[in-house]
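Dear colleague,

Please find below the structure that I am handing over to you, with its sequence. My findings follow directly after it.

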Amino acid sequence: MDYVSILQIFDSGVRLATPLLFACLAGLFSERAGIFDIGLEGKILVSAMFAAAIATFTGSVWIGLLAGVAGSLVFSVMHGIASITFRGNQLISGVALNFLASGITVLIAQAWFGLGGRTPGLSGSERFLPIDLPGAEALAGVPVLGPLYKELISGHTLLVYVALLMVPVSWFVLYRTRFGLRLRAVGENPAAVDTAGVSVVRLRYSSMLIAGVLCGLAGVYLSTGLGAGFGKEMSAGRGYIALAALIFAKWRPWYALGATMLFGLLEAVANRYQNIDMGGFIVPVQFMQALPYILTVIILAGFVGKAIPPRAGGQPYVKER
Amino acid sequence: MEKMPKWADVVLIPLINLTIAFALSALVIWAIGENPWNAVKMMVNGALGSTYGWGYTLYYATNFLFTGLAVAVAFQASLFNIGGEGQAAMGGLGVALVALFIPFPHWSIAIVFALAGGALFGAAWAFLPAWLQAKRGSHIVITTIMFNFIAAALINYVLVNKLRPAGSMDPASATFPDSTHLPTFHDMLAPLGIAFSKSAPVNITLLIGLALAVGVWFLLWRTKLGYEIRAFGKNQDASTYAGISVTRITIIAMMISGAIAGMMSVNNTMGESERLILNSVEGAGFIGIAVALMGRNHPFGVLLAALLFGFLYQGGGELALWTKIPRELITVIQALVIMFTGALDNMVRDPIERAFIRAAKRRKAAS
């Protein structure tokens, strides 16, 4: 395998990792505040549909972006109402929202466009287009680093760079601000936060809103950056892989970057090679597809470092009366 | 502490939850420009208006009865088994291997072995998540989700590389031998002089499902193991203190759950397609969650909920055939049912409970 094809696989890995990274960070904020979010998948899907549909109507990907994020936010608030206000089972709420997204996106897309649940293909200003970083062409001739810069670092859409930027931003918000400290505390011991006079409900709703925006961006990228339009079930389990990546990352932002990049790369390899021949032993493509899930189970089992979730995760907070 | 009467808990609240879910579904139908009343009429007609419709309604209901019971057993032990989909898929593999490789003289022997094969594979697929939960504290919801995906990849591999007959492009196994053909309702009712649609797939597995529902009820409410499962589900600390082993109950409850989900595949793999196909479960494992929640984790409730979802599934299919409403409407209804009977239960329960307690207090004050 030559240098350029390795770069191309990594390049494709970065693109495939972007929606995972957005969704993984969304889950990070939500679960750090003590709200399990199985519904990442549904939020990605809803956002992808609205982004593509509104971009089609208005011809502007930016209005599409707003619509996508708004759709995801609505789902986030619904999850909040069920799991924060009415102290319902967060897992059940998440499962319900995933089904709701899977059905309602097709229903709306079919009602608006009549294309069997697809939206029309997007082009031009209806999409996020690749950005060539300055000097990419000029430096292409430089050995080793030139192709690296041109193929891997330059030439992505804006949202890819935003996703990468979100990693230090998330880290800063969670570990270097008062809001972040309280958010993490509410996921570990909400009673203590409440005793300190800080509203548990408001903190948890804020985390849901942040998760909604980030998941929204994942969906927007999926239908207007990575793809060119919405298709039925186009999230294809990415919300669950993001959830897996979140466990893999032990609920930490920088690890999340590593985990999503690894899973993105695995998908890129599986897309490019059907069956990998490892010296007589053939690794089937299905094994590559299942690898993120298998790795997550191994991590969950605690055989390779223990992943400890936030302590108050999944429990509704009931103020003592 | 005042409580509300049992009938309010078992009948009134689920009924209100369902009414809200269906009202919103009607709103969705109206919003996409169709008449909800006509849609309901068409669904009733399509699902219950002919023996063909009934045959499909009951066929789907059989699937949901199995998966609903599977989820309910785990729920009773307060384990949320999202893995019914994967366990049923693996069960399908078990059924297919039995049907393909053991030469059976008669279907009545074949079905016993197929049930055992499906149950074994389903239970085995539930074992690891259960063991990881009990021993390593890995969250069962996450592991069962992961196992669904791993099962899908595994079945895909087996179908494409191992079970696919030579020369076939279709990722499916060979058709099962004729001796494994299960009697459909058409076959069973014809000798009695009742004409039942020949093309409807409902078959003898429904009767097995009904027997299983009784069995699950007996297990949960009439045996020591069932008592332990329910006690464990109500209060883990108290049951540990009473000498119930966490590991044992977690693993047993999950394996029973997986076995029931796995047996579902006798209905769809052996009873309907008569070969193992890709994605043979078609989301029935997930519908089991809605069915169990709606049925309040009680076998009788699960049966009613399974019938309702069977009706929705068949009716929704008819709707998709004759109107512009896509099949995905059922997914929306299913989501709303899960949302309102599951996650938003307190929204209805709290005010009603308060009303009952207020009424009781007033009565006490008056007397």
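The model is a predicted one. In helix α10(A), 11 of the 11 residues are buried, so α10(A) is largely enclosed by the rest of the structure. The buried residues run from Arg238(A), Gly239(A), Tyr240(A), Ile241(A), Ala242(A) and Leu243(A) to Ala244(A), Ala245(A), Leu246(A), Ile247(A) and Phe248(A). Their cover includes α1 (3-32), α2, α11 (253-272) and α12 (285-300) of chain A, together with α6 of chain B. After α10(A) comes Lys250(A), which has a positive phi, near 50°.

Helix α2 (residues 40-58) of chain A packs against α10 (residues 238-248) of chain A at an angle of about 135°, and their axes are 7 Å apart. The two helices, α2(A) and α10(A), are therefore oblique to each other, and α2(A) passes α10(A) in a right-handed crossing. On the α2(A) side, Leu40(A), Glu41(A), Gly42(A) and Ile44(A) meet Arg238(A), Gly239(A), Tyr240(A), Ala242(A) and Leu243(A) of α10(A). Of the residues in this contact, five are nonpolar, two polar and two charged.

I turn now to the contact between the chains. It involves 36 residues of chain B and 37 residues of chain A. In chain B, α5 (107-136), α6 (140-163), α12 (284-294), α14 (329-343) and α15 (345-366) each supply at least two residues of the side that touches chain A. The most come from α6(B), with 11 residues. That side of chain B comprises 24 nonpolar, nine polar and three charged residues.

With kind regards

Methods. Residues numbered from 1 in each chain as written. Chains lettered and ligands numbered in written order. Predicted model: local features only at pLDDT ≥ 70, side-chain atom pairs only at ≥ 80, totals over all residues. Axes fitted to C-alpha atoms, helices over the stretch in contact; angles between N-to-C directions. Helix = DSSP H or I, 4+ residues; strand = E, 2+ residues; numbered from the N terminus. Parallel < 35°, antiparallel > 145°, perpendicular 65-115°, else oblique. Left-handed = near helix turned anticlockwise from the far one by under 90°. Contact = placed C-beta atoms within 7 Å. Nonpolar A, V, L, I, M, F, W, Y, C, P; charged D, E, K, R; others polar. Buried ≥ 20, exposed ≤ 12 C-beta atoms within 10 Å, placed from the backbone.
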